[in-house]
Amino acid sequence: MSAVVTHAQHGAVAVISINSPPVNALSHAVRSGIADALTAIKAEGKAKAVLLWCGGRTFVAGADITEFGKPSKPPILPDVIAVIEAMPIPVVAAIHGTALGGGLELALGCHYRVASLDAKWGLPEVKLGLLPGAGGTQRLPRAIGPIAALKVIVSGAHQPAKLGHDLGLIAAIIPGDLKAGAIAFAETVGAKAGPHPRLRDDTAKLEVDRAKFDTAVTEALSKSRGLEAPAACAAAVAMSLDTPLDDALKLERASFMKLVAGDQSKAQRHLFFAEREAAKVPGVGPDVRPRPIKNAAVLGAGTMGGGIAMCFASAGIPVTLIEQTEENLKRGLSIIQKNYEASAKRTGADPAGVAKVMALITPKVGLEHAKDADIVVEAVFEEMALKKTIFATLDAVCKPGAIIASNTSYLDIDAMAAATKRPGDVLGMHFFSPANVMKLLEIVRAKYTAPDVLATAMSVGRKIGKVPVVVGVCHGFVGNRMLAQRSKQSELLLLEGALPHEVDAVVTGFGFPMGPFAMGDLAGLDIGMRSRKERGVRAEIADTIAEAGRYGQKTQKGYYRYEEGRRAPIRDPEVEAIIVAASKKLGVTRRPISNDEILGRMLYPMINEGARILDEGVAARPGDIDIVWINGYGFPIAKGGPMHWADSVGLPKIRDDLARFAKAANDPTLEPAQLLVRLAAEGKGFASLAGAKA
Ligand code: 3H9
C-alpha cells in the first residue's frame, strides 16, 4: 500500500487516510493510493461505508500543480472518481481546511460530504488559467445548480462550509471532533439500503431558465480581462444544461488538456509559485519570529498616508494618523471617510462598519504621538533632508523595538537609517497608489535592517492584504526603476514619430489596462515635470505639455483631452502639434514606427533593467520582479510578468533588439545587460536562475 495513503477499519467504516503534506495535493502517489485502498476495501468486504479523511492542516487542496505539463501517469483523477462512484457502499468525504480544485472534485465523486464549520471549498482552477478537469464543471451544477456553480467556478473564490450546506453540497456540518463525527455519519448512511446518491445521476437541479443562465455568464465574464480560462469554465458549465454527463466529461477533459498546455496557464502557474517563493526572504529563516504588532502610526495624511492608514484600520490594527496641522488632518480624515463610505455603498456593506473602522484611526498633530506605536510608516514629502530630520526625531520619540519604515518611492533608505541610532529597526515599506487598493508592497531591505524586522514587515504586509516582495536599496527599487526605462522610451517614441494613442494602443493591446500616456494623465503630469526640474533634466515633449498647464485628467488636458466628468482620453490636435514641433526643434526627422518596434521598446529596456536588478541582487529572484509588475503596475496576468514573458520571447531576440536600439539611439544604457547576454549565450532563460516549479 502507498505510504501516503493508508486505510484502517473503525467498526463498520473503513477510513482511508491521506497524509501528503503540506496540502495533500493529488500527486500520482495519492491518486493511486486512494484507488488501491478502495479496491482493497471492496475485496476485504468488511466495511459498510468508507470515510475519506485527510491528515494535517487540510483536505485535498487540488491536483498537484507541479505535475502539470508532464505526462500524466494513470490513474488520472477521473479514474479515481470512477472507482468511488462504482463502490457498492457509500463513500463519505470529511472536509477540514480547504477542499479545492481536484480535492473538491474528489469529494463531488463521493456519495456524501461532511465538513467542519471553518472548512472552505471551491474550484480555483481559473486562477491557474484552467478549468476544473475532473468533473467539477458537471457535478457541481448537479449539487448546487448551474448558476451558483458558474459563479463559484468562474470566480475561483473559496466558499464557506455553511454556504455549501445551505446549497445542498455538504450533507452535514460537524461541530467538534470532525473525524469521530464523520465516522458516525458514515456508519449511519452505511446502514441504509442502497443505491446511495451519486451526483452523476442527480439532474433535479439542472432545470434552469436558459436566459437567466446566459445573463449570469455575461456578468461572470465581465471582468475576465482577455483570459481564456473564465470563458472555458463558463462554456463547460453550460454543457451541464443539455449535454449527457459522460460526453460533457470528455469535452471538459479535452478543454482542460488544451488550457494546461497553453501559455496563459503556464504564466498563471508560474505566478502561483512565484508569489509563494517571494514570501521566502533569503537570510530570514522560519525560526526568525516577527515582532508583535498591536498598533501602528502613519506620518502624513496626504493621499499615500491616508491610504496606508486605511490599510491598517481595515485589517483591525489601531493606527495613529499624524500630521503637522489640524487642517491637514481634517482634510485627510474626510477623504478617508469618503473612501470608506463609497466602498460600503459599492459593496453593499453595512454603513455602520464605516464608523467602526474610522474609530480605529486616531488623528494627532505632532510626531511625539508616535511614541507608543509598534510600527511607524513615514509618508511625507519626497525630500531627503526632511526625511532625515523626521527619522532622527522618530528615533528619539519611538519606544525601543519599534519599527520605523519609510514609504519613499525612490530615496535611499540607508541614508534615513543613518539618521537614527537604530538602523536595524529601519526599512522601506513602499505602497502603491491608491494604497488602500493596490496589492503590491515593496519591502526595502536596507544595509542594517534586522532579519526579525523584515519578517515583521512581511507578516504585517500579509495581514493588511498586500503581496509583499523584498527588494534592495537603489533609486526607484524594482518597480519604479524599471518603469523609468519605459518612460524614457515613451518620450523618445513620440519624438521619433509615434503619437500617444498609437503607443497606448500597443501597450493596452499587450494587455496592460492603460498605456503610459493615459496613465501619465491619470497620475498628473506636473509630478514628473517637478521631479525632472529637481534633477536638472528636460524631456522636451513631456515638459512642454506640462508647462502649458496640461497636467492630465485634473485639468482635462494632458497628452489627451477629456470631456467634463469623463475619463475617456480623446486625441488632441494641439498635443500632436506640440509633439511634431518638438521633433523639429530637436532636429529629429519623424518616421513611421511599427507596432512591433513600439512593443519592443516599451518592454525590452524594462526587462534589461530587470536583468541588472537581478545581477545586483536588488531582487532575489526573477519571479519577485514578476510579482512586483503584476501586483503594482497592471502587467497582464496572462503573460506572467516581464521576466517570465521575456523567456517566452527568447533572450537572444531581446539581446539583439536591445543592441540595435542602443546603436540607433546612441544610448549605452540600452546595451544588453551582462546577465541577459550570458543567459542568451547559454541558451537559458531567467527561469533557470530560479529553480522554477511550474
Ligand atoms: C486542479 O486541481 C486541477 C483539477 O481540476 C484537474 C485535475 C485533473 N500543488 O499557499 P501555501 C504548495 S488545479 C502543489 O503557502 P497556505 C505551495 O507551493 C489545483 N503544491 O499555503 C507551498 O509550497 P512551499 C487547484 C501546492 O496555507 C505549500 O504547498 N487547487 C499546491 O497559505 C503551501 O502553500 C488550487 O489551486 C498544489 N495544488 O494556503 C489550490 N497547493 O511551501 C492551490 C499548495 O514549497 N493552493 N502547494 O512554498 C492554495 O490555494 C493554497 O496553497 C492553500 C493553502 C489555500 C491550499
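Helix H24 (residues 595-616) is largely enclosed by the rest of the structure, because 16 of its 22 residues are buried. Buried stands for under 20% relative accessible area, exposed for over 50%, and partly exposed for values in between, computed with a 1.4 Å probe on protein chains only. Helices (H or I, at least four residues) and strands (E, at least two) are DSSP runs, numbered from the N terminus. The model is predicted: local features need pLDDT of at least 70, side-chain atom pairs count only at pLDDT 80 or more, and totals for chains, interfaces and linings use all residues. Residues are numbered from 1 along each chain as its sequence is written, and side-chain values use heavy atoms, with hydrogens and water left out.

The end C-alpha atoms of H24 are 32 Å apart, which agrees with the 32 Å that its 22 residues should span at 1.5 Å a residue. The expected span is 1.5 Å times one less than the number of residues. H24 has a kink of about 25 degrees at Arg601, shortly before the proline Pro605. The bend at a residue is the angle between axes fitted to the seven residues ending there and the seven starting there. After H24 comes Gly617, with a positive phi near 80 degrees.

**Sheets**

Strands S1 (residues 5-10) and S2 (residues 13-18) pair in the antiparallel sense over six bridges; pairing requires that DSSP finds at least two bridges between two strands. Gln9 stands opposite Ala14 in S2. The two strands form a hairpin with two residues between them, and Gly11 in the turn has a positive phi of about 60 degrees.

S1 and S2 belong to an open sheet of six strands with mixed pairing, in the order S1-S2-S3-S4-S6-S9. S1 and strand S9 (172-173) stand at the edges with a single partner strand each, so one side of each is left without a neighbour in the sheet. S9 runs parallel to strand S6 (residues 112-115), and two bridges join them. In this pair, Val114 stands opposite Ala172 in S9.

Strand S16 (residues 440-445) has five of its six residues buried. Strand S15 (residues 426-431) pairs with S16 in the antiparallel sense over four bridges, and strand S17 (residues 467-472) runs parallel to S16 with six bridges. Leu441 is the bridge partner of Phe431 and also stands opposite Pro468 in S17. S16, helix H17 (residues 451-463) and S17 make a right-handed β-α-β unit. Right-handed applies if, with the strands pointing away from the viewer, the path from the first strand over the helix to the second runs clockwise.

**Ligand surroundings**

The ligand is surrounded by 28 residues, of which the closest are Arg57, Glu105, Glu125, Arg276 and Lys280; a residue counts as near if one of its heavy atoms lies within 4 Å. The table gives polar contacts, pairs of N or O atoms within 3.5 Å; within protein, one must be able to donate a hydrogen and the other to accept it, and residues adjacent in sequence count only if both atoms are side-chain atoms.

| Residue | Polar atom of the residue | Distance to a ligand oxygen atom |
|---|---|---|
| Gly102 | backbone | 2.8 Å |
| Glu105 | side chain | 2.7 Å |
| Glu125 | side chain | 2.5 Å |

**Backbone and single residues**

The peptide bond from Pro74 to Pro75 is cis, with omega near 0 degrees. Pro75 is in the loop between strand S3 (49-54) and helix H2 (77-85). Another cis peptide bond joins Ser433 and Pro434, with omega about -5 degrees; Pro434 lies in the loop between S15 and S16.

Asn24 has a positive phi near 55 degrees, although Asn24 is not a glycine. Asn24 is in the loop between S2 and helix H1 (28-44) and counts as buried at 2% relative accessibility. Gln556, also a residue other than glycine, has a positive phi near 60 degrees. Gln556 lies in the loop between helix H22 (540-547) and H23 and is partly exposed at 31% relative accessibility.

Lys585 lies in helix H23 (residues 573-585) and is exposed, with a relative accessible area of 58%. Lys585 and Glu540 are 45 residues apart in sequence and 9.2 Å apart in space, C-alpha to C-alpha. Leu271, in helix H11 (residues 263-278), counts as buried at 9% relative accessibility.
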